[in-house]
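I opened my notebook to look at how two chains meet. Here is what I looked up, step by step.

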Amino acid sequence: MRIASLLLALAAIAVAVVFATTTEPARGEGDATLYVSGLEIGGKTKALLRIRNVSASDQYRVHYTVRDPRAGAPISQLAAGDGALVRRGATLELELTSIVNEFRKQLEAGPYAGPVQVVAFGSGAVIDDFGPQTVVVEAFVKQGSKIRPVNVEWRTD
Amino acid sequence: MNKTTTMLAAAGLLAAVLAVGTWNAEAAGSTCTADLAGIETKKKTPVEVTIFNTTLAPMTLDLVIYDANGFELVRRTGEIEVGPQATELISVAEQLSRDLARREKPYEGLIGIRLIGDTPFSAQNAIVHATQYIGNRKKPKSAFIVRALFNEE
């Protein structure tokens, strides 16, 4: 009986490990994390983030999460699920208001207004790591006809 | 026991004491400062400081605001708390006017800002910048970002 319980517990752990590893996107050791702060959305205020893949040979899946900065809680799909595929030379444009509001609509919540932060990382690198050497980032906030810069920084663990 | 043996034993003991001391200092963590400069606070040039904690541990920081001559205008000890993966936004105008008498005008002009905190606050774990708005905070004419200079002790 004891052995059966032990085996059952081990099986449960194995299932949990498999589930955790399959739901978490694979990240390369040298891949960097992108942090964008100073963003704001709501009303006529829009935030845009453009990510261009300038790698010589790789394509990446970009996993981004928009967060409510006060709590650090996600207000978009965590890590963008399977991620957005950005082929070599291509640019991914993220309009954060739509991303956040569509996600909140699924949760039957109203639109969001206020500061936001974005954390992104890439997966699928074969030769060149996802980072400042291979990815060009442009981000800004648009308030009516006025445009203001935001802060873009990379960190490597 | 001859002199050489005694000296070697003393040197070994000293090395051990130094090693323990170093280990203790590392275990206790280090203090880090983040300095922001080149910003100006006026009614039509508001400044907002952003502190982004990229770790899963909370950060508790001291905030000091200096005038153009290096005179300390504001000191908030341990008041800035940034939760795990959260961002704290600090309005400089609010900090400068908080302790003033009712009709007293807050300082206007060039300022320097220093944030001080223990581990995990560091250049690797935190993102610190100031946004200098030109015009109204809600509808600025323009803005620019100033990044912090980190120093670890």
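**Entry 1: the contact.** I started with the residue count: 24 residues of chain A and 22 residues of chain B take part in the contact. This is a predicted model, so I am reading computed values throughout. I then looked up the area and found that the two chains bury about 1,800 Å² between them, with 50% of it on carbon and sulfur atoms.

**Entry 2: polar links.** I asked how many residue pairs are in polar contact between chain B and chain A. The count is twelve, with both residues at pLDDT 80 or more. Next I went to the side of chain B that touches chain A: strand 2 (47–53), strand 5 (87–91), strand 7 (126–135) and strand 8 (140–147) each supply at least two residues. Strand 8 of chain B gives the most, with six residues. Sorted by class, that side of chain B has twelve nonpolar, six polar and four charged residues.

**Entry 3: salt bridges.** The rule finds two salt bridges across the interface. I noted a salt bridge between the side chains of Glu40(A) and Arg137(B), at 3.4 Å from N to O.

**Entry 4: Arg148(A).** I followed Glu40(A) to another partner: its side chain makes a polar contact with the side chain of Arg148(A), at 2.6 Å. I placed Arg148(A) in strand 9 (residues 146–149) of chain A. Is Arg148(A) buried or exposed? Arg148(A) counts as buried, because its relative accessibility is 3%, and the cut-off is under 20%. Leaving out residues up to four places away in sequence, I listed what Arg148(A) touches, including Gly38(A), Phe140(A) and Gln143(A), and also Tyr133(B), Arg137(B), Pro140(B) and Ala143(B).

Terms used:
Residues are numbered from 1 along each chain as its sequence is written. Chains are lettered from A and ligands numbered from 1 in the order in which they are written. This is a predicted model: local features need pLDDT of at least 70, side-chain atom pairs count only at pLDDT 80 or more; totals for chains, interfaces and linings use all residues. Side-chain values use heavy atoms; hydrogens and water are left out. Contact means heavy atoms within 4.5 Å. Buried area is the accessible area (1.4 Å probe) that two parts lose on being put together, summed over both. A salt bridge is a side-chain nitrogen of Lys or Arg within 4 Å of a carboxyl oxygen of Asp or Glu. A polar contact is a pair of N or O atoms within 3.5 Å; within protein, one must be able to donate a hydrogen and the other to accept it, and residues adjacent in sequence count only if both atoms are side-chain atoms. Helices (H or I, at least four residues) and strands (E, at least two) are DSSP runs, numbered from the N terminus. Ala, Val, Leu, Ile, Met, Phe, Trp, Tyr, Cys and Pro count as nonpolar, Asp, Glu, Lys and Arg as charged, and the others, Gly among them, as polar. Buried means under 20% relative accessible area, exposed over 50%, partly exposed in between (1.4 Å probe, protein chains only).
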